[in-house]
Amino acid sequence: MFSRTSSHVLQAAKAELNKTGVRYTAQSKKNRIEVQLLKDFPGVGVRGQVVSVKPSAMTNRLYPNNGAVYLNYKGAEPVIPVVSKQAALTAAAALKSAQKQKEKQNKVKLNPILKNEIEQSKKKGETLLSLDDLLAFDVNDLTKDQLELVFAKLPKKIVFVKKSTDKVLQSPLEKTFIINQIESTLSRYLKEKDIVSKFFNSSATTFTIKGDSDEELASISKLGAYYVNVEHQEQSQLISVIVNEK
C-alpha cells in the first residue's frame, strides 16, 4: 500500500512538471525559460513583457505572488497583452527623460541681478560668492534712501472697529491681518509699489505686537490700545493700534 501511494504521488508530480515545463536538473539550470511578467521587475522587465530567465529566478523571485507565468510548455499563451522589448525600452527611456527634466526644473534659479554680478566677477577675475553668501543674499534688500522713505510714510496710527462681548472681540485680529492693513495703508501714501513689496517681503523686516503688559501678542482679542513695533535692520517705528467697539 505504501509503494502504491508513493507511485501515485510520483506520477502526479511528473504530470505537474510536464504541465509547467519546470525541470530541476543540472541541464535545466544552465538553460533559460520563457515567462511573461505580470509585474514590473527592475533589471528583468516590465509588466506584460515576455523574457527569458533562469528557472531558479522564476521559482524564487518571479513566480511567487503571481509575479510571472510560465510560457515554456506546449500550448502556453500570454495571459495579458504582450509588451515588446522595444516598447519596454522606449517607456524606460521616456521615464528617465522625464525624471531628468524634473530635476532640471527643481534646480535653484538665480535672481537676474545676482546672476549678472557673478558673470561680472568672472570677467574681472574676482573671487565668486561663497555658498553662505548666496544663501544670505536677499533680493528684497532696500537702499538707505528707500528705507528712509518707507519709515517716513509708515502710518502712525491704525484704528479697527470690531464687535465684542464684554470687551472680548467676537473674532480676534490676527497678526497677519494687522500687517496687511499696515501694508495697504502704506501703499496709499507711497507710489513706489515695488519698494513697499520689497520692504514687507524682506527677511530683515519684523513686526512685533504688544499691549499694556508689554508682552508680545500673536493676535488681539480684546478692545483697547496696542502698538506694533516695525523694525528693519537698525531702524524702527511704533504704530499705534486702536480697537474700538462697533
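Analyst: Two strands are said to pair if DSSP finds at least two bridges between them. Strands (E, at least two residues) and helices (H or I, at least four) are themselves DSSP runs, numbered from the N terminus. The model is predicted: local features need pLDDT of at least 70, side-chain atom pairs count only at pLDDT 80 or more, and totals for chains, interfaces and linings use all residues. Residues are numbered from 1 along each chain as its sequence is written, and side-chain values use heavy atoms, with hydrogens and water left out.

The account begins with strand β1, residues 33–37. With strand β2 (residues 50–53), β1 pairs in the antiparallel sense over 4 bridges, and I33 has V53 of β2 as its bridge partner. β1 is also joined to strand β3 (residues 68–70) by 3 bridges, again antiparallel; here V35 stands opposite Y70. Of the 5 residues of β1, 4 are buried, where buried means under 20% relative accessible area, exposed over 50%, and partly exposed in between (1.4 Å probe, protein chains only).

Helix α3 (residues 55–62) has P55, M58 and L62 buried. These three lie on the same side of α3, because they cover an arc of only 105 degrees around the axis; the arc is that of the directions from the helix axis to the C-beta atoms. M58 and L62, with L37 and V51, are among the members of a second, separate core of 10 residues. A nonpolar core is a set of buried Ala, Val, Leu, Ile, Met, Phe, Trp, Tyr and Cys residues joined through side-chain atoms within 4.5 Å. An unreviewed UniProt entry lists residues 33–72 as "domain: Ribosomal protein L9"; such annotations may be inferred rather than shown by experiment. Over residues 33–72 the chain is 20% helix and 30% strand, and the end C-alpha atoms are 6 Å apart.

The largest nonpolar core has 27 residues, of which I178, I182, F199, F200, I220 and V228 touch the most other members. Elements giving two or more residues to this core include α7, α8, α9, β10 and β11. Helix α7 (residues 144–153) has L147, V150 and F151 as its buried residues. They share one side of α7, because their arc around the axis is only 95 degrees, whereas D145 and A152 are exposed on the other side. The buried residues of α7 pack against α8, α9, β10 and β11. F199 is in contact (heavy atoms within 4.5 Å) with residues that include L147, V150 and F151, leaving aside its neighbours within four places in sequence.

Pairing returns in an open sheet of 3 strands, ordered β5-β6-β9 and antiparallel. β5 (164–165) and β9 (219–222) stand at the edges, each with a single partner strand, so one side of each has no neighbour in the sheet. β5 and β6 pair over 2 bridges, and S164 has L169 in β6 as its bridge partner.
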